[in-house]
Amino acid sequence: MVTLAEVAQHAGVSASTVSYVLSGKRSISVSTRQRVERSIRELGYHPNAGARALASSKSNIIALMIPLRTDMYVPVMMEIAIAVATSARTHGYDVLLLTGEEGPDAVRRVAGSGLADGMILMDVELDDERLPLLRATDQPSVLIGLPADTSGLTCVDLDFRATGALCVEHLAKQGHHDIAVIGEAPAVYERHTGFAERTLDGLRTRARELGVRLLHRPCEGGYDAMAVTLARILDERPDTSGIIVQNESAVEPLLALLRQQGRAVPEDVSVVAICPDQVATQASVRLTSVAIPAQEMGRHAVEHLVAKLEGRGSDEVVLIAPELTVRTSTGPAPTRP
């Protein structure tokens, strides 16, 4: 492994001069700087991360807090995490992934230890217990998600309230007056997770405005849970002709159960999903859907955090407008005898 002393010898300067070039703490002549930088490239020297952090008071690391819970669809969370990591590298930052359910303790640990220069938080609840501590610290941060009170925070997310409204509008235009919503696992609503609550608010508000009857039922996902949930829906609302799904694990079990019951999609029942495009296009019926813009969310979060780290950012809420893609799972409501 190449050392700083070897770079200095190769460039014909002192070790302290190399250190000043790396830290930028002293003015170095252009010719000397270029000679040192050329030696660094030719030798393949990489400064020790710990020493660099001590010298500059920066770690060049972003902490990404992403609690991996069993009631969440992990592939979406990881797609956002990969987008964060990829975007961070383009700005010269590495990502420290924190996956435990530590809550405020994780914020306190990162802010107090110098582990990272800034934080990105995911799985945001409406009254997230991490937020008071986040507001109290000077460390820059960005939320991927929207709490009830966004004052003093920078937040990036899909506009889930508009997403819910868009799904209802699409089915209502097709003549569907009885719509069922198959939601996330009950625990997601019990935690008042922001994206689920805001989707539900958008669904209910737009349904009232359009005179559509809406029935919401949480579901654990999986075949057995979906069978119980669908039976409840059809027992309570036998005229249900439109279904909106915000639960990736429930998509294929739902389609299988509808086939078993002889209910054709979309002739008898139309289905709209809020899910990644991959889930929608690879389902047994190509689903009309609103995609989760994971790449865009991750990139926006990093860009806003880097702006804050460079002293040019401000607190703001960035909501990505939903886009509904019509595929083969939706059509006109069936004519009732």
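Relative accessible area is classed as buried under 20%, exposed over 50% and partly exposed in between, with a 1.4 Å probe and protein chains only. The structure is a predicted model, in which local features need pLDDT of at least 70 and side-chain atom pairs count only at pLDDT 80 or more, while totals for chains, interfaces and linings use all residues. Residues are numbered from 1 along each chain as its sequence is written, and side-chain values use heavy atoms, with hydrogens and water left out.

Helices (H or I, at least four residues) and strands (E, at least two) are DSSP runs, numbered from the N terminus. Helix H1 spans residues 4–11 and has Val7, Ala8 and Ala11 buried. Viewed down the axis of H1, the buried residues fall within an arc of 100°, so they line one face of the helix; the arc is taken over the directions from the helix axis to the C-beta atoms. Gly12 follows H1 and has a positive phi, near 75°.

Ala294 belongs to helix H14 (residues 294–309). Ala294 counts as buried because its relative accessibility is 2%. With neighbours within four places in sequence left aside, Ala294 is in contact with Glu79, Ile80 and Ala83, contact meaning heavy atoms within 4.5 Å. The C-alpha atoms of Ala294 and Leu158 are 9.0 Å apart, at a sequence separation of 136 residues.

Voids were assigned on a 1 Å grid over the protein atoms alone: a cavity is a set of points where a 1.4 Å probe fits but cannot get out, a pocket is an open set with protein on both sides within 12 Å along at least five of seven lines, and lining residues have an atom within 4 Å of a point. Grid points are joined across faces, edges and corners, and a volume is the space filled by probe spheres set on the points. One cavity of 30 Å³ or more is counted by this rule. The largest cavity holds about 320 Å³ of space. Its lining comprises 22 residues, with Met72, Val76, Met77, Phe160 and Phe195 nearest the centre. Helix H5 (residues 74–90) supplies the largest share of this lining, three residues. By residue class, the lining of the largest cavity has 14 nonpolar, four polar and four charged members, where Ala, Val, Leu, Ile, Met, Phe, Trp, Tyr, Cys and Pro count as nonpolar, Asp, Glu, Lys and Arg as charged, and the others, Gly among them, as polar.

The second largest pocket has a volume of about 210 Å³. Of its 15 lining residues, Pro67, Arg69, Gly103, Glu129 and Arg130 lie nearest the centre. The lining of this pocket divides into five nonpolar, two polar and eight charged residues.

A salt bridge is a side-chain nitrogen of Lys or Arg within 4 Å of a carboxyl oxygen of Asp or Glu, and the structure holds 20 of them. Arg89 pairs with Asp94, with the closest N and O atoms 3.2 Å apart; Arg89 is partly exposed at 45% relative accessibility, and Asp94 is partly exposed at 41%. Arg108 and Asp105 form a salt bridge with an N to O distance of 2.8 Å. These two residues are three apart in helix H6 (residues 104–113), and so are separated by about one helical turn.

The salt bridge between Arg213 and Asp178 has its closest N and O atoms 2.9 Å apart. This pair links distant parts of the chain, 35 residues apart, with Arg213 in strand E7 (residues 213–218) and Asp178 in strand E6 (residues 178–183). Arg213 is partly exposed at 44% relative accessibility, whereas Asp178 is buried at 12%. Salt bridges with shared partners join Arg69, Asp71, Asp123, Glu125 and Arg191 into one network.
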